[in-house]
Amino acid sequence: RQFGVGHILTLEATALHAVMLSNMFDKQAASICAGAINTISKYLGKEHPLTMEVLSALVGIFILQDRPYEAQDTIMALVKQADNRLGEDHPQTVKYYCQLGEVNRIIGNYLTSNHGLQSTYDKAARKSWHVGHPIILRCLTTLAFTNYSMLNLDIATEYIEKALRGQVAILKENGTQFGPVKDIADLLEGWIQKTSSSIPAANTISTPHPDVLDSLEVYVEIRGMKEVEETDRVGEDTLEILNFVYEKMKKCFGETHPATLKVGVRLSSMVLEESYDRNNAKQDSYNRIRRLRRQCDECLGSNHTLTWLAQMAISLSSNDLDDNLARVGNEMSMAMKKLVAQLGPRHPLTLEWMVRLFAIEVALGDEGADNTAAQLLRQVRQRNIRKERLMPSLDLEWKIALIYCHQGHYEKGILILDRIKNSWIELHELAKT
């Protein structure tokens, strides 16, 4: 009203509003952000840094709304524009490269994501950028998550611990001063105070910065997978850390924000998997995941990835509770068709869902089990999948073989294992050249 729509202060306020929406979950956020882009580009031009920042905010909104392919188209164009207009070393350009890496990870382009993020991080380390800058530390967190997705757990651990140490050094917890953090255990001890019941006293501790919470979530995922590899189950301390993150995210983002719901769904799924010998704990977790499923459906929509993840956990755990395997298999089969139509047959969640469905079909002696396995194998053996997700694709083949063997179909399982062996021999010979 005072300066007019085209005044720089008005335009900056418009951009700030869009950036804030990218950190919230508002169903109108995308249309509001698109309007802001049109207004700012009208007065400042499409290549102005402020216009680019609002485009970056739109990418963040697409990610929250589970629209990764729209996010991919937007961020690829933005990266090219920023490279030409600002240069590859500009902070905004570096930020956009980090966003591109995150989007590629979400849609399953792990190798592309890993190469892009590693290149961005290496350039920051060599040039004028300090590796302790918040943008670079977020890049390191995403790089750790990408390596986790590729099953490079040692590298993922190194990167996430480095990211956490750097974030703690600059993102003080409400002014609290930390000494040098040499080990992540030092950091966790500073936040998670255990009561006599060995539960984190989350309500008595101030909330860490959102970037730290995101990194802690990735740290727990990596730590949990390593524990499963070593002991065949996730440790209780790991579940405690994730519970701490969940409680703090509820305070930071709100109970129905996608970031909070994601951690809640993951926590409940982990507890369900690990509490098979404690029926009361399993029933409590089952009730919680059903509540989270309703929240995801109401707040995010029935087709959001988090809603699907919650539904998968419900389907598998309900079978453990009531032994109605046929009903669960029928539910997962019907849901599978919707999932393929929404995400496509190669999306990581689609493939994981197919593996779970295949396991149920084999256990039931379903005639369609071999067809499901054949579809899965065709997908994971495709050239692009092998290139982008080598280890995860071989891991899915390994799971199919083990499911066959566990149900007594040894010949079918051995054929797949033999194919995996030959793949390793081919890769070994390729590596020599």
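I began at Ile-8, which lies in helix H1 (residues 8–21); helices here are DSSP runs of H or I with at least four residues, numbered from the N terminus. The model is predicted, so I kept its limits in mind: local features need pLDDT of at least 70, side-chain atom pairs count only at pLDDT 80 or more, and totals for chains, interfaces and linings use all residues. Residues are numbered from 1 along each chain as its sequence is written, and side-chain values use heavy atoms, without hydrogens or water.

**Surface.** I noted that Ile-8 is partly exposed because its relative accessibility is 37% (buried is under 20%, exposed over 50%, partly exposed in between; 1.4 Å probe, protein chains only). With Phe-3 and Leu-9, Ile-8 makes a nonpolar surface patch of about 280 Å² (residues with over 30% relative accessible area and no salt bridge, nonpolar side chains joined within 5 Å; a salt bridge puts a Lys or Arg side-chain nitrogen within 4 Å of an Asp or Glu carboxyl oxygen).

**Backbone.** Leu-151 has phi near 70° and sits in the loop between helix H7 (134–149) and helix H8 (153–170). Asp-232 has phi of about 75°, in the loop between helix H10 (210–231) and helix H11 (236–253). Asp-232 counts as exposed because its relative accessibility is 64%.

**Core.** I found 53 residues in the largest nonpolar core, with Ile-289 among those having the most contacts inside it (buried Ala, Val, Leu, Ile, Met, Phe, Trp, Tyr and Cys joined through side-chain atoms within 4.5 Å). A second, separate core of 31 residues includes Met-312 and Phe-358.

Notes
Helices (H or I, at least four residues) and strands (E, at least two) are DSSP runs, numbered from the N terminus. Patches are made of residues with over 30% relative accessible area and no salt bridge: like charges are joined within 9 Å, nonpolar side chains (Val, Leu, Ile, Met, Phe, Trp, Tyr) within 5 Å. Accessible areas come from the Shrake-Rupley method with a 1.4 Å probe; for residues, only the protein chains shown count as cover.
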